[in-house]
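Please look over the chains first, then read on.

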Amino acid sequence: MQVSMTVNGQQRTDEVEPRTLLAHHLRDNLGLTATNIGCDSTSCGACTVMVDGLTVKSCTVLALQAEGSEVTTLEGLSTDGELHPVQAAFRSEHGLQCGFCTSGMVMAAVGVLADNPNPTDREVREGLEGNLCRCTGYHNIVQAVLKAAESGPAAGQVPSAKQEVTA
Amino acid sequence: MSILGTRVVRTEDPLFLTRGAVYTDDLTDPRLAGALHATFVRSTVAHGTVTEVDASAAREAPGVVAVYTAEDLGDLQPVPPPLPFLDAGFARPWLVPVGGRVHFVGDLVAVVLTEERYQGEDAAEMVVVDIDPLPAVVGTAAAATDETVLFPEVGTNKVAAFGEPAPEDFFADCEVVVTRAIVNQRVAAAPLETRAASAAWGEDGRVTIWCTNQGAQQAQGQIAGWLGLDPKLVHLVTPDVGGGFGAKIGADQEYAFVAWLAQQAGRPVRWAESRSENMTGMLQGRAQDQVITIGGDRDGTVKAYSLVVNQDCGAYPRIGTVLPTLTMLMAAAVYDIPKVHAQATCYATNGTSIGAYRGAGRPEATAAAERAMDLFAAEIGMDPADVRRKNFIAPFTEPFTTSSGATYDSGDYAAALDRVLEAAGYAELRAEQARRRERGDVRQLGIGVSAYVEITGADSGHGTSENAELEVHPDGTATVLTGTSPHGQGHATTWAMLASEQLGIPVEKITVLHGDTDRIPDGGGTMGSRSLQQGGAAVHQAAVELVEVARKRAAELLEANPDDLEVDLANAGLSVKGTPGTGITWAQLAADEQLIVQTTFTANAPTFPFGAHVAVVETDVESGKAVVTRLITVDDAGTIINPLLAEGQRHGGIAQGVGQALLEEILYDEDGNPQTSTFADYPFVSATELPSFELVEMATPTPMNPLGAKGIGEAGTIGSTPAVQSAVVDSVAHLGVRHIDMPATSMRVWRAVREAQKGSTN
């Protein structure tokens with residue numbers, strides 16, 4: 001079947017099997033491999049992306065369910081070579097080690113800050129409960145989200161759709 | 001100013017944060033164009049005899065290129081056990097044949113090659129496998145009876161035994177003796193990236209294998225051996241690796257299988273496992289049943305200590321078989337105990353094979369010793385911190401050999417404990433605990449204290465050496481090749497810092513490469529907290545040697561006396577003493593003639609990081625739920641090169657320790673069926689279950705390497721696990737509870753309180 005969506009500001013139309021998961025569509029068909037798959041049970045959040053401004057676990061969404069939607073992945077977060085405030089804070093606070101959870105964690109953090117621009121330590125932890133990390137013990141991830149919050153509302157926003165490009 | 005000791009942010013991160021790292025399943029290497037997907041058909045029965053494998057329907061399924069069963073393996077010989085002293089009968093088949101036995105849920109029975117990823121799952125479901133179940137052997141107690149023997153040709157489930165029983169009079173001179181059976185449970189390493197491998201054969205008859213692993217060179221040798229290939233024909237590459245924690249040490253049979261399949265199919269092959277496959281197929285950790293006995297006098301002096309270990313090796317014994325020897329070596333822990341006895345017996349069971357997991361043998365030693373100290377303290381009515389202080393090895397700067405045979409390099413255990421107790425506000429915590437107990441609060445406070453020492457940089461099959469190559473290029477950039485194998489530790493940054501310190505080249509201009517056996521044929525990988533003290537020391541040594549090579553050349557070019565030249569860091573080169581900026585840069589020298597150094601650093605001996613942790617928990621005594629509210633830690637790893645990254649290692653380690661102490665356990669039912677084979681079932685520790693950590697600094701340099709660095713990768717786990725367990729026990733100790741096995745779940749705590757109230761000892 002055909003599926004169309006805007007991914008990181010670009011209009012994409014592709015042929016997919018109906019059962020194709022959004023995560024596999026992004027990775028295998030669109031080559032956006034920053035989005036990782038870490039479990040089969042919607043538990044780890046490594047595959048977290050933004051669909052129409054909400055964080056979703058893309059391993060539990062069919063590509064077809066994103067028909068007509070605006071999808072943002074980690075690759076679409078920085079603009080003109082400038083790190084997004086959450087990306088910058090993950091770097092300055094050493095919020096990543098092996099990097100496998102990072103893509104989903106960063107997207108989830110943007111979602112947390114969109115809902116709550118000034119979270120407490122505990123609120124950040126609760127907001128990221130669905131995203132697992134084995135390396136950092138979450139300490140520096142929480143610090144990074146708190147740091148990103150200092151940069152204001154931009155930390156909870158994704159870049160708006162750029163000009164449409166026909167695939 | 002020296003760059004060493006400063007908080008340099010990682011050079012790896014800009015790419016990781018914008019494009020994402022490139023893990024094995026992300027590869028778009030042109031050699032993998034048109035790759036087939038491998039999907040393994042695994043046993044769903046823990047122990048049984050295969051009576052039928054019918055792949056005929058699967059072979060007709062859409063997209064299927066081939067299905068291999070045991071009949072299709074040609075000359076492939078079963079993989080011998082990985083340790084020379086193991087009985088050859090423990091060999092693992094590539095695919096279990098009809099008439100053969102499966103030995104765990106996840107054992108390989110068939111493999112499917114398909115054009116597309118999803119087609120593989122469909123076709124694998126269509127392979128009919130019939131297995132006649134045999135009684136399953138779950139745990140070491142069942143294994144030890146030999147009522148059911150896993151490998152009849154071996155004749156026993158006993159895989160190995162180390163040490164002798166303690167003499168009968170071992171505790172004869174003790175006023176008080178406490179003994180207890182405790183469990184250091186089986187846990188999953190659970191790196192976020194599951195196992196994955198790809199392989200492509202070239203026209204030159206060589207195969208390139210990409211896989212997620214902690215040491216390319218070791219994996220290359222193993223795979224070549226299993227496939228009967230000259231190692232020179234195997235080019236092994238480890239792309240970015242999404243965590244390992246010990247479980248990615250050594251090749252897995254699936255990796256070699258992918259290479260073999262690519263050869264058979266005449267096309268490249270890719271494999272990336274699912275999480276549920278990973279939770280049964282990937283090496284797991286710990287899995288020790290222990291009996292601890294501690295004896296001493298009522299003044300708090302410990303006179304004798306015994307640790308008896310029964311190690312569950314899982315179905316096919318691997319590296320987990322020798323890890324109890326590290327437990328035995330470290331049995332004496334931080335204590336100056338006159339008599340220490342340690343002994344271990346290892347058994348095959350119908351579980352997943354056991355390998356290394358963060359700490360690998362040492363956390364089990366520390367957990368045992370710390371439980372013993374707590375039990376002894378409770379028995380004589382002494383504060384657990386005081387009992388520890390009374391029995392610590394006195395501060396030492398010259399090597400000290402313990403009663404269990406380890407020679408520690410340097411340590412001051414009392415200082416570590418004092419620092420952490422002060423930072424925690426120990427006296428006030430005890431006062432608050434007393435108030436809550438007095439009031440009979442529902443939420444009681446528990447305070448756990450641990451002290452630890454561990455061995456890092458031990459010989460893990462590669463000696464205590466590591467190599468480095470350093471080249472400065474004419475454009476002023478530099479390249480470091482290392483035999484270590486980072487998978488989150490940040491070597492690209494730290495190794496660059498070590499070179500920058502000597503050469504003045506900014507870290508951004510230094511590229512660190514690893515994990516490619518064509519470019520780096522030798523290397524020990526990253527495991528056992530060895531990397532900085534051996535691999536980092538090798539980079540430091542290479543930089544120092546490169547300066548000397550450059551000095552001789554510069555002296556000739558400048559017609560100067562080499563002794564009159566000094567390193568001019570600001571200009572990334574050499575200048576005549578006292579006149580910076582007047583000399584010649586490394587880049588200019590490199591333009592004149594290749595400027596490159598290859599070197600090997602050999603450590604004199606392993607190092608012994610140490611520390612002390614305080615965990616504070618609040619336990620709801622009615623529900624049994626314990627919540628960790630504070631974790632305060634001293635982790636002394638000698639000189640710190642990059643505090644930002646060292647703290648990150650501590651954080652991650654601490655969290656994994658909390659996970660084991662409170663939550664995580666791999667469980668089987670009586671038939672050997674895994675009960676925890678997804679992340680929905682396995683309680684992987686999450687952000688909500690942890691506080692932010694309070695780290696206290698302490699750095700006692702080691703004399704074993706020029707950096708003064710000890711290992712830091714595993715220390716946090718080793719310290720936090722017993723501290724948290726102890727805190728949970730302590731929170732209900734006033735109700736009569738002496739011990740709760742890990743994981744100290746709500747159910748276990750609730751039961752322990754109930755049992756204590758009924759008057760039975762626990």
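What covers the buried residues of helix 10 of chain B? The cover includes strand 14 (302-314), helix 9 (362-380), helix 11 (413-424), helix 12 (426-439) and strand 18 (443-453) of chain B.

## Basis

This is a predicted model: local features need pLDDT of at least 70, side-chain atom pairs count only at pLDDT 80 or more, and totals for chains, interfaces and linings use all residues. Residues are numbered from 1 along each chain as its sequence is written, while chains are lettered from A and ligands numbered from 1 in the order in which they are written.

Helices (H or I, at least four residues) and strands (E, at least two) are DSSP runs, numbered from the N terminus. Two residues are in contact if their C-beta atoms, placed from the backbone, lie within 7 Å. A residue is buried if 20 or more other C-beta atoms lie within 10 Å of its own, exposed if 12 or fewer, and partly exposed in between; these C-beta atoms too are placed from the backbone.

## Chain B overall

Chain B holds 18 helices and 28 strands. Its radius of gyration is 27 Å, close to the 27 Å that the globule rule gives for 762 residues, so chain B is as compact as a globular protein of that length. The radius is taken over C-alpha atoms, and the rule is 2.2 Å times the number of residues to the power 0.38.

Along the principal axes, the C-alpha atoms of chain B fill a box of roughly 85 × 75 × 45 Å. Of the 762 residues, 60% count as buried. Among contacts between residues at least 6 apart in sequence, 79% join residues at least 24 apart.

## Helix 10 of chain B

Helix 10 spans residues 384-391. Its buried residues are Pro384(B), Ala385(B), Val387(B), Arg388(B) and Asn391(B). Seen down the helix axis, they fall within an arc of 160°, so they line one face of helix 10. The arc is that of the directions from the helix axis to the C-beta atoms.

## A three-stranded sheet

In chain B, 3 strands form an open antiparallel sheet in the order 22-23-24. Strand 22 (565-568) and strand 24 (584-585) stand at the edges, each with a single partner strand, so one side of each is left without a neighbour in the sheet. Two strands pair if DSSP finds at least two bridges between them.

Strand 23 (residues 573-576) is joined to strand 24 by 2 bridges. Gly573(B) stands opposite Thr585(B) of strand 24. Helix 14 (residues 531-558) lies across strand 22, strand 23 and strand 24 of chain B, running at about 120° to strand 22. Axes are lines fitted to C-alpha atoms, for helices over the stretch in contact, and angles run from 0 to 180 degrees between N-to-C directions.

## Backbone exceptions

Most residues other than glycine have a negative phi, and most peptide bonds are trans. Thr42(A) has a positive phi of about 60°. Thr42(A) sits in the loop between helix 1 (22-29) and strand 3 (48-51) of chain A. Asp146(B) has a phi near 55°, and lies in the loop between helix 4 (140-145) and strand 7 (158-162) of chain B.

The peptide bond from Met742(B) to Pro743(B) is cis, with omega near -10°. Pro743(B) lies in the loop between helix 17 (715-731) and helix 18 (746-757) of chain B.

## Where the chains meet

In chain A, 43 residues are in contact with 43 residues of chain B. Helix 2 of chain A gives the largest share of the chain A side, 4 residues.
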